[in-house]
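Dear colleague,

I am handing over the structure we spoke about, with its sequence, and my notes follow below it. Please look it over before reading on.

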Amino acid sequence: MLGYPFRPMLQAIEAKAGTAAVAEVKRRAGVPADRVYRMSETYADEECQRLLAAAGEVLDLSVEETCDLWAEAFLQDTQKRFPVWYQMCANSRALLEYHPEIHSGFAASLQDPEASRAVTDKFRIEKLERKLIVHYRSPNRLCLLYRALARRVIAYYGDEASIEETRCLHRGDDECEIHIRWAS
Ligand code: HEM
């Protein structure tokens, strides 16, 4: 996984529980204490999974709560760092529809074609009337993060939409299928 999302994750842990908590999360996850995640460098998916689990333990949060904390910091960071994506999109549907292309932009910066494909292959979106069906397949199984981010994107634009996950990697399905339906 690319380094970018790790940064807001660690920032959120620091904001909630201080630098000692960040150090403890890294220790439990087996991540070197001096690791600084670089935006466009790739790190082992297992590292992401270990960090998420360790963050939950240290902060005493469920996976859902940890993903929620991460999503809040992640989205705020994207809004500060990449405001143009939000300005370009008139509403939440436009941004959520466009989101795989944003990821592909990062993937394009990778030299290794396999690493690049690992990023681009995670999401596929079906575009229907007033509805998107998101197909998500990743060793990181971060559908809870996806849903927490999507909820925030919908709220950011002041839209109304429901989010329902009908298939899930955590339940043994071969992908997560997330249905986002707009009221109008
Ligand atoms: C400007 C906005 C955004 C930027 C710059 C951004 C960037 C990134 C990057 C660089 C990654 C790592 C990709 C990888 O290594 O596979 C990532 C992962 C992810 N992003 Fe985004 N993203 C944005 C918006 C969103 C939105 C709106 C959502 C959901 C609604 C989202 C959901 C996710 C998820 C679930 C992952 C983890 C994928 C995995 O490893 O399984 N992102 N994002």
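The model is predicted, so local features need pLDDT of at least 70 and side-chain atom pairs count only at pLDDT 80 or more, while totals for chains, interfaces and linings use all residues. Residues are numbered from 1 along each chain as its sequence is written, and side-chain values use heavy atoms, with hydrogens and water left out.

On a 1 Å grid over the protein atoms alone, a cavity is a set of points where a 1.4 Å probe fits but cannot get out, whereas a pocket is an open set with protein on both sides within 12 Å along at least five of seven lines; lining residues have an atom within 4 Å of a point. By this rule there are three cavities of 30 Å³ or more, a volume being the space filled by probe spheres set on the points, which are joined across faces, edges and corners.

The largest cavity holds about 650 Å³ of space, and of the 28 residues that line it, the closest to its centre are Pro5, Phe74, His99, His103 and Leu149. Helices here are DSSP runs (H or I, at least four residues), numbered from the N terminus, and α6 (92–107) supplies the largest share of this lining, six residues. By class the lining has 22 nonpolar, five polar and one charged residues, where Ala, Val, Leu, Ile, Met, Phe, Trp, Tyr, Cys and Pro count as nonpolar, Asp, Glu, Lys and Arg as charged, and the others, Gly among them, as polar.

The second largest cavity, of about 40 Å³, is lined by Glu64, Cys67, Asp68, Leu144, Arg147, Ala148 and Arg151. Domain 1 (6–71) and domain 2 (92–182) both give residues to this lining, so the second largest cavity lies between them; the domain bounds come from an automatic or database domain assignment.

Turning to the pockets, the largest has a volume of about 210 Å³, and Gln49, Leu52, Ala53, Val63 and His170 are the closest to its centre among its 16 lining residues.

Finally, the axes of α2 and α3 (lines fitted to C-alpha atoms, over the stretch in contact, with angles from 0 to 180 degrees between N-to-C directions) come within 8 Å and cross at roughly 130°.

With best wishes

Definitions and conventions. Helices (H or I, at least four residues) and strands (E, at least two) are DSSP runs, numbered from the N terminus.
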